[in-house]
Amino acid sequence: MIQIDHTQSENDSSERRADTLDSDAQALLDALVEAGAPDLTHLSPEQARTLLGDLFTPDVEPQPIAAVDERKIPAYARDIRVRVYDPDPDRALPAVVYFHGGGWVVGNLDSHDKVARALATEGECVVVSVDYRKAPEHPFPAAVEDAYLATKWANDNAEESGQAADLPSQVRVQVGPQRPPPL
């Protein structure tokens, strides 16, 4: 069994905070206010999940992918659901382990399906999208443990999922709907 150290760092967290909010993040927050979106901090997790739905998912047709496979990774007394997107099953490709955005509270495999498809196609990589446990139903560090186990699974099962089995350093981690990392 893998043990994860959950102890807090002794560093003061204020040392790691920026003086100003990232301009892209501020623009998003401003756009939400301008659109009349409610303050998410005043909503229940269920209300926030309903409201956000596909908010951060592009409004485009899903890109076709040669192979999409749902799997369950055994993890202690539960399974972690993943969806593996392989744009070219005949080639060994590097992998990206993708954790959708949502602050560890909202989002799922379906809400970020289009993003995962685009990442696989445009990045020419196998994408392992992870449906990690979300707060508050599953408090910290549940999502982090799921993320770790899914990343380990992707590396350990590279050959089975179409990834370059002899290149474990090619397994990458992607959090949120961002551009694919350089391969």
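Okay, hi everyone. Before we start, a bit of housekeeping. Because the model is predicted, local features need pLDDT of at least 70 and side-chain atom pairs count only at pLDDT 80 or more, while totals for chains, interfaces and linings use all residues. Residues are numbered from 1 along each chain as its sequence is written, and side-chain values use heavy atoms, leaving out hydrogens and water.

Let's begin with the fold. The protein chain has four helices and five strands. Going along the sequence, you get the pattern α-α-β-β-β-α-β-α-β.

Now find β1, residues 67-75. Which way do β1 and β2 pair? They run in the antiparallel sense, over nine bridges; strands count as paired if DSSP finds at least two bridges between them. For one of those positions, look at I73, whose bridge partner in β2 is I80.

Next, the inside. Of the 183 residues in the protein chain, 33% count as buried. Buried means under 20% relative accessible area, exposed means over 50%, and partly exposed is in between, with a 1.4 Å probe and protein chains only.

As a general point, nonpolar side chains in soluble globular proteins tend to be buried together. Here, the largest nonpolar core has 19 residues, and I80, V82, V130 and W153 touch the most other members. By nonpolar core I mean a set of buried Ala, Val, Leu, Ile, Met, Phe, Trp, Tyr and Cys residues joined through side-chain atoms within 4.5 Å. Which elements give two or more residues to this core? They are β1, β2, β3 (95-99), β4 (126-131) and α4 (142-156). Helix α4 gives the most, with six residues.

Leaving aside residues up to four places away in sequence, W153 touches R71, I73, V82, V84 and V128. There's also a second, separate core of ten residues, including I65, V115, A120 and C125.

Contacts, by the way, are heavy atoms within 4.5 Å. Among contacts in the protein chain between residues at least 6 apart in sequence, 69% join residues at least 24 apart.

Last topic: charges. How many salt bridges does a search of the whole structure find? It finds 15, each one a side-chain nitrogen of Lys or Arg within 4 Å of a carboxyl oxygen of Asp or Glu.

Take D113 and R83, with their closest N and O atoms 3.3 Å apart. This pair links distant parts of the chain: D113 is in helix α3 (residues 113-123) and R83 is in strand β2 (residues 78-86), 30 residues apart. Both D113 and R83 are buried.

Then there's D131 with K134, at 3.2 Å between the closest N and O atoms. D131 counts as buried because its relative accessible area is 18%, and K134 is buried too, at 13%. Through shared partners, salt bridges join E70, R81, R83, D110, D113, R117, D131 and K134 into one network.

Finally, D88 bridges to R91, the closest N and O atoms being 3.6 Å apart. Buried or partly exposed, what is D88? D88 is partly exposed at 24%, and R91 is partly exposed at 41%. That's me done, thanks!
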